[in-house]
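Here is a friendly walk through one protein chain, written for someone who likes cut-offs stated plainly. Please have a look at the sequence and the model first.

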Amino acid sequence: QVQLVESGGGLVQAGGSLRLSCVASGSIFSINAMGWYRQAPGKQRELVANIISELRTNYADSVKGRFTILRDNTENTVYLQMNSLKPEDTAVYYCWMEVLTAIQRTNNYWGQGTQVTVSS
């Protein structure tokens, strides 16, 4: 089993910054990809950013230039640095990882979600 634990959400004023963290633990051989998704009330879950390697990152158009995704392979951790936050960034943020487990199976895992609220 693999567990993802997120931290770093909270309440911030528009224009402020937050940094989300997500640590994976358990039966991990390697992590192929990491990412962050978000879901606002009444909306579908959407991709915010993902990272395959340091040279391969993808961002939603709505966050380009404001958010940065980083990974620390030695700590099985993914970060999301969020700057210039806007009220429309308010959502529950979920981390995701595609993990190759110790028994050589590839599975997708999700964190429990962390609330980010941006006030105007």
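E46 is partly exposed because its relative accessible area is 36%, where buried means under 20%, exposed over 50% and partly exposed in between (1.4 Å probe, protein chains only). This is a predicted model, in which local features need pLDDT of at least 70 and side-chain atom pairs count only at pLDDT 80 or more, while totals for chains, interfaces and linings use all residues. Residues are numbered from 1 along each chain as its sequence is written, and side-chain values use heavy atoms, with hydrogens and water left out.

What does E46 pair with? E46 forms a salt bridge with R38, a salt bridge being a side-chain nitrogen of Lys or Arg within 4 Å of a carboxyl oxygen of Asp or Glu. R38 itself is buried, since its relative accessible area is 7%. R38 also meets D89 in a salt bridge. That pair links distant parts of the chain: R38 sits in strand β4 and D89 in the loop between β8 and β9, 51 residues apart. D89 counts as buried because its relative accessible area is 1%. Strands here are DSSP runs (E, at least two residues), numbered from the N terminus.

The structure holds four salt bridges, including these:

| Salt bridge | Closest N to O distance |
|---|---|
| E46 and R38 | 2.7 Å |
| K64 and D61 | 3.1 Å |

K64 and D61 are both exposed. Through shared partners, salt bridges join R38, E46, R66 and D89 into one network. As background, side chains of opposite charge can pair when their charged atoms come close.

R38 has a further partner in S62, as the two side chains make a polar contact at 3.3 Å. A polar contact is a pair of N or O atoms within 3.5 Å; within protein, one must be able to donate a hydrogen and the other to accept it, and residues adjacent in sequence count only if both atoms are side-chain atoms. S62 is found in the loop between β6 (56–59) and β7, and counts as partly exposed because its relative accessibility is 40%.

## The core and the disulfide

Now to the nonpolar side. The largest nonpolar core has 30 residues, and W36, V78, L80, M82, Y93 and M97 have the most contacts inside it. Such a core is a set of buried Ala, Val, Leu, Ile, Met, Phe, Trp, Tyr and Cys residues joined through side-chain atoms within 4.5 Å. Which strand gives the largest share of this core? That is β9, with five residues.

Leaving aside neighbours within four places in sequence, M97 is in contact (heavy atoms within 4.5 Å) with residues including L4, C22, A33, V78 and Y109. T101 also lies in β9, and counts as buried because its relative accessibility is 6%. Not counting residues up to four places away in sequence, T101 touches V2, S27, F29, N107 and Y109.

A search of the whole structure finds one disulfide, that is, a pair of cysteine sulfur atoms within 2.5 Å. This disulfide joins C22 to C95, S to S 2.0 Å. C22 in strand β3 and C95 in strand β9 are 73 residues apart, so the pair links distant parts of the chain. C22 is buried, with a relative accessible area of 0%, and C95 is buried, with a relative accessible area of 0%.

Notes: Helices (H or I, at least four residues) and strands (E, at least two) are DSSP runs, numbered from the N terminus.
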